Amino acid sequence: MNYDAYFCQRLDELRKEGRYRVFADLERKVGRFPRATLRSAFGKKEVTVWCSNDYLGMGQHPVVLAAMHKALDSCGAGAGGTRNISGTNHYHVLLERDLADLHQKEAALLFTSGYVSNWAALGTLASCIPGCVVFSDQLNHASMIEGIRGSRASVRIFAHNDLSDLARKLAEVDADAPKLVAFESVYSMDGDIAPIAELCDVAEAYGAMTYLDEVHAVGLYGSHGGGVAAQQGLSNRLTVIEGTLAKGFGVVGGYIAGSAALCDFVRSYSSGFIFTTALPPHVAAGALASVRYLKSSSTEREAMHSRVASLRNRLDDVGVPHLRNPSHIVPVMVGNSDLCRQISDVLLNEYDIYIQPINYPTVPRGTERLRITASPFHSEADIEHLTTALAEIWSNPWSSISRFATFLAQGRVERGQRFAASAFQRLR
């Protein structure tokens with residue numbers, strides 16, 4: 001077999017479908033977020049980033065940077081190994097304590113990323129509890145799906161946020177079987193929020209554990225940044241709360257929080273924890289500083305939510321359809337991978353606005369979108385520039401896009417696809 005020829009063939013297929021991913025070469029600037037320097041074959045220029053998951057700009061906060069510099073100078077660059085051998089640093093211990101406190105749990109356990117924490121924790125719990133049956137929301141993140149799949153446990157997929165479907169599927173399983181219901185709080189692509197209390201009601205009625213992914217909520221919701229569950233006073237009802245240090249907290253890493261016994265169990269049995277080099281001390285120190293700061297400051301959260309509201313209002317004013325949801329995520333629906341890439345390119349090349357297109361397999365085919373995130377550091381002038389650019393793109397020669405987006409919002413996808421196709425043909 002000619003392996004490289006096969007690889008090239010598959011990559012060409014992605015290009016033909018409009019799904020080949022091109023990464024922008026960006027250089028973030030401390031103190032100037034959301035500005036960044038874009039490097040390309042045409043040279044360098046400044047762009048405004050509108051799709052960062054550093055939702056609060058904590059990746060550049062002076063408190064975080066100072067803590068990282070201090071730890072780097074005192075502890076060096078690396079962790080020294082896995083946590084089990086020589087890699088547990090005092091910053092890891094302090095960070096786990098603060099994360100447990102953030103979620104009002106007995107303990108927390110650090111991982112190298114949010115993906116790894118989901119994959120390792122769900123995989124360990126589902127595989128090591130004899131006869132465990134996992135009930136997974138239809139729109140759960142790939143990391144949750146991989147962890148559940150890797151556990152080889154029995155799994156039932158319930159319709160997204162559908163309490164009745166979950167109850168039906170739970171009722172079909174032996175009442176004495178161990179059960180785990182896994183779902184997210186804020187779903188990162190559509191921006192909808194799970195009915196956490198009601199899902200807990202159903203799970204508790206059938207004796208199931210609950211596993212809540214708060215990756216897109218920690219730092220952003222709740223009076224101390226504990227996420228949607230904390231905001232709603234529900235943290236005590238969740239068996240496991242999983243989060244990341246890479247989004248609202250602006251650094252990198254993942255974690256779970258739960259009972260001391262559960263966290264110790266995962267620590268002792270998870271290969272994803274046991275055999276992985278620990279987070280560098282300066283990374284843990286930066287995350288710790290961010291968590292502590294956001295526990296005491298709501299300024300950044302309030303400013304972000306204010307900017308999101310302003311953005312939504314201006315999109316409405318200029319007639320650019322966006323998916324309604326109660327969260328900070330603003331999806332502008334396109335519904336065609338080629339169009340999505342074209343719009344992204346026009347925004348970058350003509351308006352100096354960077355928004356990465358979201359295509360399959362991140363979202364289902366036919367729901368391609370621009371996923372926009374507003375931070376406390378986007379100004380009203382930035383919002384005006386973005387919405388004006390989108391309005392111009394949506395009008396001429398892109399009028400079919402606007403009509404398609406309207407059809408998509410109404411659930412009339414097949415009719416809308418005809419308009420999207422015609423718009424793309426004009427571009428070609």
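**Exercise 1.** Characterise the contact between the side chains of D12 and R15, which meet in a salt bridge.

*Solution.* Start with the distance: N to O is 3.0 Å. A salt bridge here is a side-chain nitrogen of Lys or Arg within 4 Å of a carboxyl oxygen of Asp or Glu. The model is predicted, so local features need pLDDT of at least 70, side-chain atom pairs count only at pLDDT 80 or more, and totals for chains, interfaces and linings use all residues. Residues are numbered from 1 along each chain as its sequence is written, and side-chain values use heavy atoms, with hydrogens and water left out.

D12 and R15 both lie in helix α1 (residues 3-17), three residues apart, about one turn of the helix. Helices are DSSP runs (H or I, at least four residues), numbered from the N terminus.

Buried means under 20%, exposed over 50%, partly exposed in between (1.4 Å probe, protein chains only).

**Exercise 2.** Locate the salt bridge between E384 and R314 in the chain.

*Solution.* The N to O distance is 2.9 Å. The pair links distant parts of the chain, 70 residues apart: E384 sits in helix α14 (residues 380-395), R314 in helix α12 (residues 299-318). E384 has 34% relative accessible area, partly exposed. R314 is partly exposed at 21%.

**Exercise 3.** How many salt bridges does a search of the whole structure find?

*Solution.* The search gives 25. A network of salt bridges links D98, D101, R292 and K295.

Conventions: Helices (H or I, at least four residues) and strands (E, at least two) are DSSP runs, numbered from the N terminus.
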